[in-house]
Amino acid sequence: PAGSELALGTYNVVATATDGSANAATDATIDELVINDITAPSIVSTFDDPIIDVATSIEIIFDETMEPQSLVFSGALGNEASGSWSQSVVADDTLTVSAMVEWPIGTDQSLIIDANDLAGNSLASLTLEFDVSVIHVSIDATNADDSNVGTRDQPFKTIIAAVNQADSTFSKSEIRVALGTYATFSESGTNIELSDGMRLMGSYSADWLLRNLITYASIVNDTSTTGGDFNNPNCVITINAGAGSETLVNGFTLNGGGITDGSGNGASCGIEIKMNASPTIENNIISGGSAASSTGIIDRGLSPVIRNNTIRGSEAGAQSNALQGIISNGSSPTIIDNDIIGGSGVAGQSGGTGISLTDVNAIVERNSVVGGNAEVSYGVSVSGASTVLLRNNTIHGGNSFNTYGISIGAGNTITLQNNT
């Protein structure tokens, strides 16, 4: 009956028989009854968060003691996994799985776990699937909401909410943004701010399977209409101070704000790189906007890479006073394979510059650079105490009243190689 079962083990069963003459005999065998455990182990609790960080540890509790030596990992995350055993109820019933270094960033990453109990009974393979440090954003998805978890099936609606979630949850993250038009409002401080280790990836199709900068454009417009100055411009994206080389902006159309208060003041930009930041900015279409001073990229960083972008100091039709494709000040940028135009300014009072370099140690290579259409324009302007390599570029001053292809101030060291 229930509750009186024999425990696992080996038993000596004694059988005695008596015949009709009252003769008795006892069997001579020993240890003939063996009760084995033939029940497969099961799981009491497991890790059920669909999104993990690159450093997340995964805990699984079994209903009995397991054989640690039987543990096997497989799946996409299997080669990166390391397991340790501990006790929750009985010895070796709890498995903690950690990355040997860190989990690789990606979606639908599987971790398959196989193990046996002490009797050799096999666990039914446990398959876990995670998005590792990936958050999805889709402004047009019917179920998009900033209270969602950020999976493909439950995306965030705004980029800013996704960035805030990533910043508070993950040590490194990749934020994937589907096609659509998104807005920031930097004059109130609600622009996109990327910290160290954040990868912002745009131009995904609605099903997240394809990427194309034009076909599936992720457009972000700064809707600011007042304020901003050169030291604190209204920008669509800010790369925070100290962000390292794993920080990335890739696959966006970014439009800086406009100043419409009639003051003739204000400053706007597409991306601002703060001090000591070294992000990669690649495969984007960037406009500085239409403020009095509008700039595609303002670089105050450490050693950023600006690669394969289309950059305009001002948006089409804007009439700004100071227009710059890229301003780099006190940095060591690599500017390569970009199409850069300063922009179109106010007749008689504006200046346009494709690339403005001050106190830098820069590599500028294989770019198409045009100063723009302004009162005075420069393809490339170098000032301060800079060391610059200009190689294999096509440089044109623009269509201004005073036009200069390359302007080099005193005290700079410039190497010119094979430019047109």
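Biologist: Let's start with F62: buried or exposed?
Modeller: F62 is buried, because its relative accessible area is 2%. Keep in mind that this is a predicted model.

Biologist: Noted. And how about W85, buried or exposed?
Modeller: W85 counts as buried too, at 18% relative accessibility; the cut-off for that class is under 20%.

Biologist: How many aromatic pairs are there?
Modeller: The count comes to 4 aromatic pairs. In one of them, the ring centres of F62 and W85 are 5.9 Å apart and the planes are at 35°, so the pair is tilted. This pair links distant parts of the chain: F62 sits in strand 7 (residues 58-62) and W85 in strand 9 (residues 81-86), 23 residues apart.

Biologist: What about Y378 and Y404, how are those rings arranged?
Modeller: Y378 and Y404 are stacked, with 5.1 Å from centre to centre and 15° between the planes. Y378 belongs to strand 34 (residues 376-383) and Y404 to strand 37 (residues 402-408), so the pair ties together parts 26 residues apart in sequence.

Biologist: And where do those two tyrosines fall on accessibility?
Modeller: Y378 counts as partly exposed at 24% relative accessibility, and Y404 is partly exposed at 39%.

Biologist: Switching to the core. Which residues touch the most other members of the largest nonpolar core?
Modeller: Those are I159, I237, I271 and L357, in a core of 53 residues. Helix 1 (residues 159-169) supplies the largest share of this core, with 5 residues.

Biologist: What does I159 touch, leaving aside its sequence neighbours?
Modeller: Beyond four places in sequence, I159 is in contact with V137, V177, Y182, I192, L200, V220 and F252. Apart from that core lies another one, of 23 residues, and F62 is among its members, along with I113, A115 and F130.

Biologist: Back to helix 1 then. Which of its residues are buried, and what covers them?
Modeller: The buried residues of helix 1 are I159, A161, A162, V163 and A166. Their cover includes strand 13 (134-137), strand 14 (173-178), strand 15 (180-184), strand 16 (192-194), strand 17 (198-204) and strand 18 (218-222).

Biologist: I also had I335 on my list. Where is it, and what does it touch?
Modeller: I335 is in strand 29 (residues 334-336). At 0% relative accessibility, I335 counts as buried. Not counting residues up to four places away in sequence, its contacts are I306, I326, I340, I355, L357, I363, V364, E365 and N367. L357, one of those contacts, is also one of the residues that touch the most other members of the largest core.

How values were computed
Residues are numbered from 1 along each chain as its sequence is written. This is a predicted model: local features need pLDDT of at least 70, side-chain atom pairs count only at pLDDT 80 or more; totals for chains, interfaces and linings use all residues. Side-chain values use heavy atoms; hydrogens and water are left out. Helices (H or I, at least four residues) and strands (E, at least two) are DSSP runs, numbered from the N terminus. Buried means under 20% relative accessible area, exposed over 50%, partly exposed in between (1.4 Å probe, protein chains only). Contact means heavy atoms within 4.5 Å. Rings of Phe, Tyr and Trp (its six-membered ring) pair if their centres lie within 6.5 Å; planes under 30 degrees apart count as stacked, over 60 as edge-to-face and the rest as tilted. A nonpolar core is a set of buried Ala, Val, Leu, Ile, Met, Phe, Trp, Tyr and Cys residues joined through side-chain atoms within 4.5 Å.
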